[in-house]
Structure formats: structure tokens, C-alpha cells
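Hello,

Here is the structure you asked to look through. Please open the sequence and the 3D view together, and read the notes below alongside them.

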Amino acid sequence: MDRWVTFAGIFVVFVLAGTGPLTGVDVTSASASTFGDGNATVTDVSVDRSAVSLSPGRFGTDVMYLRVPAASVTVHTVTDRPQLLYIVSVPGLGVRLVETQVVTGAGTYRLAPSDRAMPPGRADGRYDVVLSVRLQSFTTDRTVTRTSLTVGDEQ
Amino acid sequence: MSDATERRLAAAGWWCFGDRLGLVLWLGLVCWFGLTWRVGFFIQDTYAMGNTLVALADGQLHVTELRYSLTFGSQPGLYEYQGRAYGRNYGMLALAVPLVWALEAGATVVAPRLLLVWLWSGFGLLFVTQVAEFDRFDRDRTRAVGSLLVVSLFVVSVLTATALPVDRLAIVALQLSTILVAATAGLVLYRLVDRFHGRRAGLAAGATLGIATPVGFWATLPKRHTVVAALVFGVVYAFAVSRTREGNAALRARAGAYALAGYITWIHAFEALFVVAVLGAVDLLTTRDRSVRALAVVGLVLLVASTPMLATNYAISGNPAQPPRLLGGISYDAEFSPTPPETEGDGAAPERDSATPTDDGGATPTGNETVPGGQTNNTSDGGGATPPRVTPGVTATGTDSGGPAPPPVLDTIRAGVDTVSKFAGDAVVSGFAVLTQPERLWHIFVRSGTIPSVNYGTNNNEAIELAVLEAMPLLGALAVMPVLVGRRLRAIVDRSLPVLDPRDWRPVRKTDLLVVALGAALTVVYLPRLPLFSTLTVRYLHPVMALGAYGVWRVPAVRAGLSDTRWFVGSYLAGLTVALVVLLGGVGGLGLAVGEAVQYNALWNLAVAAVCGVAVVGWTVSARVSDRVVAVGVALSAGSTTASLLLSGLVYFRYGSYAFDIVRVLADALPVL
């Protein structure tokens, strides 16, 4: 065995054995979607309201899409692991999209829910849309911002 | 270790891998599949598979613990007999059992996430040491650079590692088993093509199977298709060996083919039936040895290889001829299954419309489907409560067929024959009927879009089901088949080629016959069920598409494209880059939704399939088309498929957590749908 490969192998084994259950040293962090207690101050929420739309699918997809813009949320003074929820609700279509993101530090977080497809003919009218951003943890739950608009064809 | 043991180990290794190139290919494919590996559940059937594997690793056939569950309710793929819940595809799960044990043992010393990192690094290091042995590389420098690279990847992986709960290790083992099997399929194809056309064509065939066909897509999604495809390649390879050898060596290889075909019965009896039937027919047609001894040997081997299946069925229902799939689905009021059972299954019962549609998308998991783009089936968020316990014994509401007394042998055989003739006969008859419906065939094989007959409700109405050619544009090369077949027929009519008894054909022709027959049979019997939701790359035809890769590399024009290796590899990398730019540009620039992105990708794949087809046909009919043109055509479609595989793993479909956090960190930089 060449010394480079031997060195690499020994290094790997050393790190693994040294960080396992036997030594009690845990180097793994909580998974990105695990939230817990804590709180944060939300200083800014920006959503491009005009980007909410109902439009037909492209490239051979015979569906109607409810397209929703991403929300950029700026937070400060974060403690522990709270999570942000960006909720797009269209009661007239029975649609409620929820995008979550765990907040681990100050900064701007982007929450981009996937567009929602609906069978053709389902979404022909005009519908009320409610966009809201919430901050949630095991110790707090509050709506940061809430705004409504309408989307779809004029009747 | 003594010299003799070492030599024996080395001999066993070379028996498996053939040569160093085979080993490098296998290691490389394992590392490649790991790149887009997500620990989690993409398809709902996998929950039942995972729970059955947990039971099997504990030495039980019936499910005793619902370790994996999306809701407290339905879990398609569980069957009920006398109050006990059973899974299916036991032959596939059996392969993963040793991995469960090994991983759980390893987790007592190493953190589960780091166990995966270690596996990947280990495979990477082995890959480096083997690549360094090739003459074209400077041995010491390759080892040094490679080791440093692996160590840096390892360090970054450790620094970014997130927790992986120990109870995920069974599903990890299941995914790891299909990764290893998919890499083995590439290895077997390498050895098969190597046998007829040399190492360069063999390597190209094995590599493209992993990076340019749906085999790469399904490697980490633990469904039976990967395993069946690999076993079918095994059958074809053993058959090819048996046609090139004489005497006992030929008989051994022949027996090997039947053994592998027999093993498929333990995974999926319906598919195995057709593999065995086709193998038997082609074998008898093309063999010179039809002696009683040979027939007795292969018959006995087939019986022995089917024994695990017969024994499992017997242990479950007392009837060796009744696979779990044919038992009743879990009933309504079973304690852990409050919603109607999903008897859709995916095989034995050839009915197309048994899926329960849900109008408002994937919120209620009644279909066996994915929730693309959603985080709903992210099962590794650690927030789950204690999994619900199954309480066997209170669920006996289904078919109650008396005590466990085994039925008489004759009855068993009669029942078995009835079952076979019912399902097999129906499938074949209705399969041929589908051949008269051009529009339906168009949607299955060429262009998907939103297919009128498919229920997309369970997939949030996203048109993510592809057609065969969209999923594997490399098959565009087979557009040349009419030309090649026509030439051959004309030669026979002109009498410039003698009509030969199939027994006197060259081994490669005999192997072609087996591949074509297997492909035709496995296609026809699934046609009645297609097109169908939840098949993504037409997964029911997965083994056929894998065999298609053999077909592609049998085309002389495609092999001619390899004459300038550098040019071919360069074209591939260029094709990959162009496809990545086009596809990511679409996702980022056009604001595509999941279904749109998949269909956009499908259209691009169709375009490159056309280029590939034109180049290959051009080379075949005209001397003015150079090898390099074919290389570009083939490499472009291969590169585009690689891009599709990468984007499927990193962008289109989100579920679970990446096996390697370094990939998660990198994928965060990509545009999202």
C-alpha cells in the first residue's frame, strides 16, 4: 500500500472512531428541517405581489398553474431554532401551500413554494389569495405579516 | 493472511469483476449513484418495503413494527394472511438484510451519518488505488492526488454532517443494496459487450448504463426494477458464456442462467415466469446439447433457485404457488390501515384502473406516489413520534382460509397452473391488443406530455411521467434497426447469406435473439398497464430499457463512434455541459414548475435522441458520415441523460435528506422550482 492511501485510510478511521457513540463526541448537527424552541425578530418581508398568477402549463403540461413568488424574510436576534412559515392560501380553490424554513442565525431567508398544478377547467374564475408569513417554535407562534389580493380572469 | 488464501481471494475477485477495468467501472458507478442519493421515501410503496425489511432483518416474514410511516394510515404493498401483515419482493429484501446488520453493527461505533460518509470515502479510495494502476497514469501521483481529494471530501462531509437517526439504517441498507446492484448491472453489461466487441465498447456500454439510462435514476430508489434488470443482464451474460464454451463449462454457464432466472421468482414471480419461459425457449432453440443430462441439470437448478420463493410462500400461506402479492390487501379496519387498501401493486394483477384518485393532490396518500416538490414526505426531520405499532391478530377480516394445513401437492400444482394461465394469458392477450392502439403506444414510447388516460391526481397533477425515449434518448440509436434488419433480410433473399439452423449461429447472434425475445416478452406483458401514473421513466419497462443499452452498443455505427476515444469523451462532456446550461437555464429563467421542468427536459431529450438517431442512421447508409459525427450524436444524448439524472436528483424532486451533506450544501446553490 502506498503511504498516501494508508495515510488517508488511517485518518478516516481515526476521525470516525473518535466521533462515534463510544467517545460521545457528536460532530453532526441537527438536520436542516428540525425546529425547536426559540424566537427571532423579523425586520423585513418582501414578496412580489404582482407575481401571483394563474396561467396554463407549458411544454405539454395540460394543467393550470397557480404560480406564487418567493418571499424574502430578513431576521435578527435569533435564539435557538424557530422556523419561518410562508403560507399561500386560496380558499376558493381549496389550495394552501406552506413553505417552511428553520432559522438558525440572522440574515435573509428565501422561501419559495412550488407552484401548484390544477386540472384544466378547475381554476377559471377570480380568486382571493392570502399571503402570510409566520414565525413559529415550540414556545411562540405569531403572524408576522398578512396580505391579500385577487388572482385570475376578470369575470 | 496466508498466500493461498490471498490468491484465492484475488481469484474470486477477478472472477466477479473480470479485470481491473471492471472493478474500476463498478466502484465508479457506486460513487456516482451516491452523488444524488437521498435517504428517504420517494414512492409510497417503499414504506412497506422498509418495514418488511426491518421484520426480515429480525428473522420474521410478517411486519411487526411500522418503523416507517407517512401517516397512521394506508401503506400500499402490505398483504394480509390470517391476521398478519406481509410485504412483497422478499428476494430483493433478502439482499439488503446483511447490509442492515452491518450498518446497525457499525452504528454502535460510528455515528450513522458518518458511516455513510465512510462508505463513500472507502469506495473513493479504492477507486483511486485501482485507477492508479493503469499504465496511462503516473501511479504515485494519481494516488497522492486522489487520496488528498477523497480526504478533503471526507473532511468537508464531516464538517457539514447532519444527524441521521439510527432507525433510518434499514431504509439506508435497502437503498444501498439497489445502488450496489445497479452498479453490478453496469459491470455485467461491460463483461457482456467486452466478450463480443472488446474492452473499449464494453466499458462504454457499462458506463452509459449507469450515467445515461434510467438505471441511474432508480439506483437509489429501492424498487424491484433495478434488481430484476441486473438479474436479467446476469441471465443474458451467463447465456452468452454458455454459447461460447463447450462441454461442462457451457453447461455450468447455462445452469447459471437458469439459476439467476429462478431467483427472479423470489422477487417478482410474474416477471420471472416470462424470463424463464423465454430463456427456456431460446436455449432449446440454440443449444447443441439437448441431452437428457443437460435438461435434468438445468431443470434441477431452476427448481433449486426457485426454492426460496416456494419456501417463503409456503411459510406465509401454506401454498408454495401463492406469492404474497396474490393474498388479499390489508383490509379496511386493520388497526394500522384506516384507509382502503391499495391493491394496485405493480405486477401480478394486470389491471390499470385500480388506483384511487384523490382530487386535491397528494395530501392523502392513497396512491403509491411521490409528492414532488413538497417536503411532506421528508421523513428525516426527526420530529416524528413513536411509530405506531402493528397489533397482529386483530386484523383478521380478509380471506380466512381455514387452518394452516398445507393443500395437497396436486391441488397446489393445479392452483399454480391456474394462476399462471390466468395472469400470464390475460397479460399477453391484452398486451397484443395494445399494439393496435398507435396513440397509446406513442404516449408510452415517444412523447408523454399530459397523457389523457393517466390519473395525475396522486402526483399533485404534475406531468412527471415520461415516455421511454424521453427517459433514455440513447435508444434513438436503435432507429437504425430497420436498415440493419432490411439489409440482412435482403442478403438472405439474395442467397449471399445462407439460412442457418439457429444452433449454428454465432454466439453473438444467439445472444441477440435472447435479448430481443426477452425485451419483446417483458414489453408486451406490461403494455396493458401502461401508460400509468407513478412510473416516471416507465419503470415497468426498466429491464427492457436496460437491455436496450445492450442493443445500442451492438449497432456497428455506435461502436464506430468510439474509434477516437478522446473525441467521444470530449463530446460527452460538451453534451453534458450544454444540457446542464439549457436545463438549468430553463428552470431558472422560465420559472418552471415541477411538471413543466420535467416536460421541458423531456423535449430536450427527444431532440437529442433525434440527433443521435440521424447520426447513427447516416453513418450506416452513407460513407460520407464520419465516425466523429456518430460520436457527437451518441455522446450528446448520453450527456443530456446524465444532466437529466443530476437534475432529477438535485432539483426536480425533493424528498428525504441527502445521504452526503456536502451534496446538500452544493445543491443549495442551484435554482429551485
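In chain A, β2(A) and β3(A) pair in the antiparallel sense, over 4 bridges. This, like everything below, is read from a predicted model. One pair to look up is A:Ser55, whose bridge partner in β3(A) is A:Tyr65. On β8(A), A:Tyr65 has A:Ala117 as its bridge partner. Strand β3, residues 64-67 of chain A, is antiparallel to β8(A), with 3 bridges between them.

Put together, these strands make an open sheet of 3 strands in the order β2-β3-β8 (chain A), with antiparallel pairing. Which strands are at the edges? They are β2 (53-56) and β8 of chain A, and each of them pairs on one side only. On average, neighbouring strands in this sheet are turned by 30° against each other, direction ignored. As background, the strands of a sheet pair through backbone hydrogen bonds, and the pairing is either parallel or antiparallel.

Chain A also has an open sheet of 3 strands in the order β1-β4-β7, again with antiparallel pairing. Here β1 (38-47) and β7 (107-111) of chain A are the edge strands, each pairing on one side only. β1(A) pairs with strand β4 (residues 71-80) of chain A in the antiparallel sense, over 8 bridges. To find this pairing on screen, go to A:Asn39, which stands opposite A:Thr79 in β4(A).

Next, the place where the two chains meet. How many residues of chain A are in contact with chain B? There are 40 residues of chain A in contact with 46 residues of chain B. On the chain A side, the elements that give two or more residues are α1 (3-18) and β8 (116-118). The most comes from α1(A), with 10 residues. By type, the chain A side divides into 21 nonpolar, 13 polar and 6 charged residues.

Now chain B. It has 23 helices and 5 strands. Of its 673 residues, 57% are buried. Among the contacts in chain B with a separation of 6 or more, 78% are between residues 24 or more positions apart.

The largest nonpolar core has 251 residues, and the members that touch the most others are B:Ala185, B:Leu189, B:Phe233, B:Val235, B:Val275, B:Ala477 and B:Val616. Helix α7 (residues 169-211) of chain B gives the largest share of this core, 23 residues. As a general point, nonpolar side chains tend to be buried together in soluble globular proteins. For a closer look, select B:Ala477: leaving aside neighbours within four places in sequence, its contacts are B:Val552, B:Val555, B:Val558, B:Cys612, B:Gly613, B:Val616 and B:Val634.

Last, helix α16 (residues 481-493) of chain B. Is it covered or hardly covered? α16(B) is hardly covered, as the count of buried residues among its 13 residues is 0. Its length can be checked by hand: at 1.5 Å a residue, the 13 residues should span 18 Å, and the end C-alpha atoms are 18 Å apart, so the two agree. The expected span uses one less than the number of residues, multiplied by 1.5 Å. After α16(B) comes B:Arg495, whose phi is positive, near 65°.

Regards

Technical notes. Residues are numbered from 1 along each chain as its sequence is written. Chains are lettered from A and ligands numbered from 1 in the order in which they are written. This is a predicted model: local features need pLDDT of at least 70, side-chain atom pairs count only at pLDDT 80 or more; totals for chains, interfaces and linings use all residues. A residue is buried if 20 or more other C-beta atoms lie within 10 Å of its own, exposed if 12 or fewer, and partly exposed in between; C-beta atoms are placed from the backbone. Two residues are in contact if their C-beta atoms, placed from the backbone, lie within 7 Å. Ala, Val, Leu, Ile, Met, Phe, Trp, Tyr, Cys and Pro count as nonpolar, Asp, Glu, Lys and Arg as charged, and the others, Gly among them, as polar. Two strands pair if DSSP finds at least two bridges between them. Axes are lines fitted to C-alpha atoms, for helices over the stretch in contact, and angles run from 0 to 180 degrees between N-to-C directions. A nonpolar core is a set of buried Ala, Val, Leu, Ile, Met, Phe, Trp, Tyr and Cys residues joined through C-beta atoms within 7 Å.
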